[in-house]
Amino acid sequence: MNEYDSLIIRNMLQKEGFLLTDSPEKADIVIINGCVVREKPENKEIELLKYYKHRGKFVIAAGCLAQKDKDALLAFSDLVIGPMDYDDIGTLIGKHGAFTDYSKHRDRFYRYAKDRMEVSFSEYVTIMTGCDNFCSYCVVPFTRGREKSRSAKDILEEVENLTKRGTIEITLIGQNVNSYFHEGVDFKDLLDKVARLGVRRIRFTTSHPRDISPAVFDVMARYENIMPWLHLPLQTGSTRLLKEMRRGYTTEEYLYIVNTARKMVPDIVISTDIMVAYPTETEEDFEDTLRIVKEVQFDYAYMFIYSPRKPSSAYYRYKTQIPRDIAVKRHRLLVDTVQRIVTEKRKKMIGRTYEIMIDGHSKKNPDLSRGKTRGNITVVVNKNIPEGEILEVKIVDVIGATPVGEPI
Ligand code: SAH
Ligand code: SF4
């Protein structure tokens with residue numbers, strides 16, 4: 001989401017005649033487009049704002065960071081600007097103040113996305129903004145506002161335009177793509193329409209276990225160009241905690257979705273987000289999480305320690321937190337468990353052939369290319385291959401948890 005927003009900001013400023021530099025040290029203006037989902041990154045972003053302000057730059061706090069605590073931010077930034085005000089960013093530069101009105105401009109935000117200066121082989125396309133779920137721990141509904149779906153016509157136009165300009169991979173993004181709905185078109189209909197445009201690789205994220213339906217898996221199975229990858233945040237394996245978190249599903253329902261997806265979509269890769277040390281998490285709850293993780297056998301996972309976020313409901317409801325040492329211990333144990341499962345799964349890839357799309361190179365060694373399988377698993381190849389190239393590789397080794405492929 002933030003990467004996409006940064007791209008939009010960059011695009012708008014370039015159009016208005018501003019020049020990009022290759023390092024913030026050389027710049028006159030520094031923009032920190034910040035995420036505030038967890039405390040640690042937010043603190044780092046604030047440090048960066050202070051650092052560049054101290055060095056005499058014109059400093060802009062943008063993104064969710066701007067929406068969260070604008071008055072406090074003005075103490076060490078020149079401009080505080082939220083996503084719905086990006087379209088004014090060029091004219092606001094040089095002024096001092098906060099511009100974070102969520103009620104306006106949402107359609108303009110989309111329009112700017114259609115008009116990109118540079119187009120890459122892989123691009124994000126926003127299909128909805130905001131979130132109405134109010135999971136107890138989460139700040140997103142407060143920083144991104146109410147959920148709003150973009151018109152299918154607009155989305156399809158953007159996808160068509162990108163494909164004409166050379167994009168071969170499109171990732172449809174939103175906080176909860178499965179609740180997409182606009183004038184009778186729901187997510188499965190939209191996915192079907194995008195697939196018919198003939199984009200080579202289509203992905204979508206993030207899915208919500210409460211809102212995803214087998215009808216989506218049916219569309220995924222019907223189109224070769226929809227990648228068999230599902231990012232399905234679990235959060236916790238304890239049904240009791242899921243209820244406290246207001247997630248709207250039980251662990252049994254989660255398992256049912258995973259099993260259905262695996263039955264309906266061949267070779268589907270399933271990744272997830274998991275949180276440990278929610279304030280009321282007991283040892284039993286945590287054991288439940290470990291048990292589900294082992295049962296599902298995720299292909300990869302992002303794992304976090306709960307962080308209290310104002311003004312989420314959990315922030316106000318719980319007066320005490322799980323002690324840091326216990327939280328860290330649970331996180332470590334979870335990471336180790338997932339790592340073991342993932343490594344075993346990667347080893348099973350040896351000897352098999354995968355289609356990958358190259359999306360980068362090792363910084364230290366340009367002869368080492370990196371690409372993603374259709375299921376979104378990163379593979380390295382010992383050869384300098386241009387970004388955006390799609391090729392078949394045979395997996396010959398696994399180093400750490402990274403498969404190594406040889407072109408065939
Ligand atoms: N809309 C997506 C992702 C939201 S944020 C979803 O519903 O899944 C991405 C991830 O950050 C979440 O899935 C969650 O695991 C984590 N996260 C959100 N709030 C958090 C908090 N207060 N502390 C720790 N992790 C959090
Ligand atoms: Fe946050 Fe829940 Fe919305 Fe995801 S679905 S953005 S976790 S409130």
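Two residues are in contact when their C-beta atoms, placed from the backbone, lie within 7 Å. With that in hand, let's walk through this structure, a predicted model in which local features need pLDDT of at least 70, side-chain atom pairs count only at pLDDT 80 or more, and totals for chains, interfaces and linings use all residues. Residues are numbered from 1 along each chain as its sequence is written, while chains are lettered from A and ligands numbered from 1 in the order in which they are written.

Start with Asp28. You'll find Asp28 in the loop between α1 (2-15) and β1 (29-34); helices (H or I, at least four residues) and strands (E, at least two) are DSSP runs, numbered from the N terminus. Leaving out residues up to four places away in sequence, Asp28 touches Lys57 and Phe58. Asp28 also sits 8.2 Å from Gly56, C-alpha to C-alpha, though 28 residues separate the two in sequence. Is Asp28 buried or exposed? Asp28 counts as exposed because 11 other C-beta atoms lie within 10 Å, and the cut-offs are 12 or fewer for exposed, 20 or more for buried and in between for partly exposed, with C-beta atoms placed from the backbone.

Now move along to helix α9 (residues 187-196), whose buried residues are Phe187, Leu190, Leu191 and Val194. They cover an arc of only 100° around the axis, so they sit on the same side of α9; the arc is that of the directions from the helix axis to the C-beta atoms. Why does that work? An α-helix has 3.6 residues a turn, so residues three or four places apart point the same way. The buried residues of α9 pack against α8 (152-164), β8 (169-173), β10 (185-186), β11 (201-205) and α10 (214-222).
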